[in-house]
Amino acid sequence: MTRQHGYALLAAIVALVVAVSTAIYVGVSFDDGTRRLPDAGSRAPHNSAAPASAGTWVGSWSASPAAAEPGTETTGLAGVSVRNVVHTSVGGTSARVTLSNLYGQRPLSLTHATLALSADGTAAAVPGTMRRLTFGGAPTVVVPAGQQVTSDAVRLRVPHDTDVLVTTYSPDGAGPVTWHPNSRQISYTARGAHANDPTGVPYTGQVEAWRYLTALDVLSRESDGTVVAFGDSLTDGISSALGENRRWPDVLADRLREAAEDGADVPRYGVVNQGISGNRVLADGLGRPADNPSGLNRFERDVLSRTNVKVVVIDLGVNDILRNPLPARPEHDSEEILDGLRTLVRQAHARGVKVVGATLMPFLGHRGYTEAREEVRQRVNAEIRAGRVFDAYADFDKALRDPYDPRRFRSDYDSGDHLHPSDKGFARMAETVRMEDLTGAAPAEL
């Protein structure tokens, strides 16, 4: 072999090694268990390039697909730009989103999708932060009926505790629209294709709901996992101040971050909210797929499939008591609820996820209160406190109840309906979750 041929062979070997290494790196970087669309053959815009920085993908925000939006059965939101406003729990150097057509009856065609930082929670973007979203490298995507898609990563420094705009546009629409109502956050709509408009001027429509969007993940250097808050309206935050992010999972995220910044030995997790108002452990709502699916039905989708989940905090059961159409049978009803909760715990443990549960808070004064229903609540709480349900528990009941009548809220923790907390009550719930209970792994199954 001549020296020239030797150099050529050596160069070819080096090129092969680099190519293989690059393929391995890309495969590992994006192997998060989420099914992605195949490459559509289109080159991504410059600002949609995959992130080059190191970090861990974690959940920064999420919302459960809750139902089919009434009035959108026929045409969906054809010709409308939907600008969702969401609030981050942790920051990162890149971001990606998940869009759902779970309740759609037809494929949903999205021809424009963007992500940007919000200027003070409005529909306007912070200058220079607008990024086009791509899917498998393509700027358009079709979301099949009953399914969801996750975008490619875009490079954008996303701060913690900030509002983000995620905008989609569909020229033909597909109904019904998948949404999460009672969001306690105003999002926006505009007639026509305005996903790329950073000014927010066309966005004159307002709605207290999130449409299509179900998750925002970030590539984070400050966090290495995700806590999922799983529950009903008490987690969804239905009585919290509009647009102020005072739900108890929001406050928990603030607690974790502030403790870490102070040098405390606490888990560095993002916190995502998978509460649905009216949700129950056992019973689905109506429809196919079911509006307001039960905790048992949606646990895989809303908890175990979340990005890098380490811990779930479960606060469910009150609606199983209050919305049961039959007269309460304390021993029977409590055992059914407890069996459902223990099933969720087994599913979590099978995936290595630790489970913190919450005691059920009082509701004397609410129209659904009866002494028999109160006994069901007390029986469930007794089992939780005895350590026979969860790995650890947060005693929401003890923290918020009236010390002079433990069947009802303390007055300053009551929103006024005797079922949902005030903002002060939500803050107290978050304070009740012990930081040390969020550390460690699920116990090994024998």
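The side chains of Arg-407 and Glu-371 come together in a salt bridge, with N and O 3.1 Å apart; the term covers a side-chain nitrogen of Lys or Arg within 4 Å of a carboxyl oxygen of Asp or Glu. Because Arg-407 belongs to strand S23 (residues 405–409) and Glu-371 to helix H7 (residues 371–385), the pair ties together parts that are 36 residues apart in sequence. Helices (H or I, at least four residues) and strands (E, at least two) are DSSP runs, numbered from the N terminus. Arg-407 counts as partly exposed because its relative accessibility is 30%; here buried means under 20% relative accessible area, exposed over 50%, and partly exposed in between, with a 1.4 Å probe and protein chains only.

The model is predicted, so local features need pLDDT of at least 70 and side-chain atom pairs count only at pLDDT 80 or more, while totals for chains, interfaces and linings use all residues. Residues are numbered from 1 along each chain as its sequence is written, and side-chain values use heavy atoms, with hydrogens and water left out.

Viewed as a whole, the protein contains 9 helices and 23 strands. It has 446 residues, of which 56% count as buried.

Side chains of opposite charge can pair when their charged atoms come close. The whole structure holds 26 salt bridges. In one of them, Glu-208 meets Arg-184 at 3.0 Å, N to O. Glu-208 sits in the loop between strand S14 (205–207) and strand S15 (209–211), and Arg-184 in the loop between strand S12 (178–181) and strand S13 (187–191), so this pair ties together parts 24 residues apart in sequence. Glu-208 is partly exposed because its relative accessible area is 28%, whereas Arg-184, at 17% relative accessibility, counts as buried.

A further salt bridge joins Asp-412 to Lys-424, with the closest N and O atoms 2.8 Å apart. This pair links distant parts of the chain, 12 residues apart: Asp-412 is in the loop between S23 and helix H9 (423–432), and Lys-424 is in helix H9. Asp-412 is partly exposed, with a relative accessible area of 27%, and Lys-424 is partly exposed at 46%. Elsewhere, salt bridges link Glu-374, Arg-377, Arg-385, Asp-395, Asp-397 and Arg-401 in a network.

Two further sites show the interior and the surface. Ala-123 lies in the loop between strand S6 (112–117) and strand S7 (131–132) and counts as buried because its relative accessibility is 6%. Leaving aside residues up to four places away in sequence, Ala-123 touches Arg-83, Leu-165, Tyr-188, Gly-200 and Tyr-203. Ala-123 and Thr-199 are 76 residues apart in sequence but 7.5 Å apart in space, C-alpha to C-alpha. By contrast, Asp-262, in the loop between helix H3 (248–261) and strand S18 (269–275), counts as exposed because its relative accessibility is 69%.

How values were computed:
Contact = heavy atoms within 4.5 Å.
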